[in-house]
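Here is a short report on a ligand site and a pocket. Look over the structure, then read on.

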Amino acid sequence: MASLDGKHLLLGVTGGIAAYKCAELVRGLRKAGAEVRVVMTAAAERFVTPTTLQALSGHPVRSSLWDEAAEAAMSHIELARWADIVLIAPASADALARFAGGHANDLLSTLCLSTEAPVHLAPAMNRVMWANAATQANVAALRARGFRIHGPGTGEQACGETGEGRMLEPAQLIEALADIPQAWRGRRLLITAGPTYEDLDPVRFLGNRSSGKMGFALAEAVAAQGAEVVLVAGPVALTTPSGVRRIDVRSAAHMHDAVMAELSGVDTFIAAAAVADYRPKTVSAVKIKKSDSDAALALERTQDILAAVSASPLRPKRVIGFAAETENLDEYAQEKMRNKGLDAIAANVVGLSDSGFESSHNALTVFTRSGRYAIPLTTKRQAADVLLDILQEHLP
Ligand code: PMT
């Protein structure tokens, strides 16, 4: 039996005849060690009763965004954060279209939009609906954003037809969830994340808006796939992902020294940190007093950590950078890739409110030496999964 020991599993049930299998699914998930909470759409309640799933999961079933009592106990945002894994089973054609469209007008679609946990979908529908170009385009868009699609299987359908569209059996879904691919097992990764702070005096510094979320998402995603991960983090307010060794640093110079000290035996280096390019030429030991005249700041270059790793005799097999740009994304990113001798670069547009710095979402354009791959706007955690898949396939 697969193990989901201690995992918080949010099961979303949408309207379809396969919803009857959810009773068995909830029992199986609990047997595999997961704590299960169920959210149903209004259509799902026509196929299976909330009472059944409440009895089997041991928790009240949620179906409305507007349930005051339920929101008081655990709001939909808390529920989205609570989940380690989200499974939507069955995922109807309508649900796939709504998730692909980014809808947020019922509890389940809102949860899918607000969770940072991996979302797994088990489509189930009539074979013609599944084959329809609109459904296939929705599935392709969801896959590109990091949603994991399981099935559908082929066989006799409730409508009497035979073909592709059956929801996978509960046991197959449980196996698929427990078997997170371990494609990075045996690899040693060094990842930088967050900003650097360059001190001017004991109370002031030059910094930037990096939150560290992108680098932490990568560390979490690759550790979950079996890698040994060291994360060198600038000053951020994030918890260390499970299984990751973290080294906290403050300035570009600290980050450089920590990275160089950890380089031996690393096979993949990923630089997601927003490292200061300049630091104050002198650091005052006491607070700089203001005066009535204007002030000018003398700055000097910091060391380029990524370029130094790439030129090091201890160069890891794969050296991957990020490029944060406000214009000419493709051109500037490829230039950085060439100048710093990188194997790949993930470029993002910064200066926007819904991606890049600070946001929990990002869109990336990934360049390897031979290809260009777009990761459309999605959560940083899901973008990390897709980026790892691209690196795994193109930089073996
Ligand atoms: O932290 P978040 O809020 O989640 O935001 C994510 C992010 C926007 C910071 C991240 O996705 C990102 O783009 N990181 C790189 C930011 C950056 O500094 O880009 P750059 O184009 O200036 O630098 C190019 C590359 O060189 C980067 O990999 C950078 O880490 C590296 N570099 C730069 C300067 C320096 N002195 N040393 C370096 O290693």
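A polar contact is a pair of N or O atoms within 3.5 Å; within protein, one must be able to donate a hydrogen and the other to accept it, and residues adjacent in sequence count only if both atoms are side-chain atoms. This is a predicted model: local features need pLDDT of at least 70, side-chain atom pairs count only at pLDDT 80 or more, and totals for chains, interfaces and linings use all residues. Residues are numbered from 1 along each chain as its sequence is written, and side-chain values use heavy atoms, with hydrogens and water left out.

**Ligand contacts**

| Residue | Protein atom | Ligand atom | Distance |
|---|---|---|---|
| Serine 211 | polar side-chain atom | oxygen | 2.6 Å |
| Isoleucine 305 | polar backbone atom | nitrogen | 3.1 Å |
| Glycine 356 | backbone N or O atom | oxygen | 3.4 Å |

Taken alone, the ligand exposes 780 Å². The protein buries 96% of that (Shrake-Rupley method, 1.4 Å probe).

**The shell**

Around the ligand are 30 residues (a heavy atom within 4 Å). Ser210, Ser211, Ala273, Lys336 and Asn348 come nearest. Which element gives the largest share of the shell? β16 does, with four residues (strands are DSSP runs of E, at least two residues; helices are H or I, at least four).

**The largest pocket**

A pocket is an open set of points on a 1 Å grid over the protein atoms alone, where a 1.4 Å probe fits, with protein on both sides within 12 Å along at least five of seven lines; lining residues have an atom within 4 Å of a point. The largest pocket is lined by 36 residues. Glu116, Ala117, Pro118, Glu220 and Arg381 lie nearest its centre. Helix α10 gives the most to this lining, seven residues.
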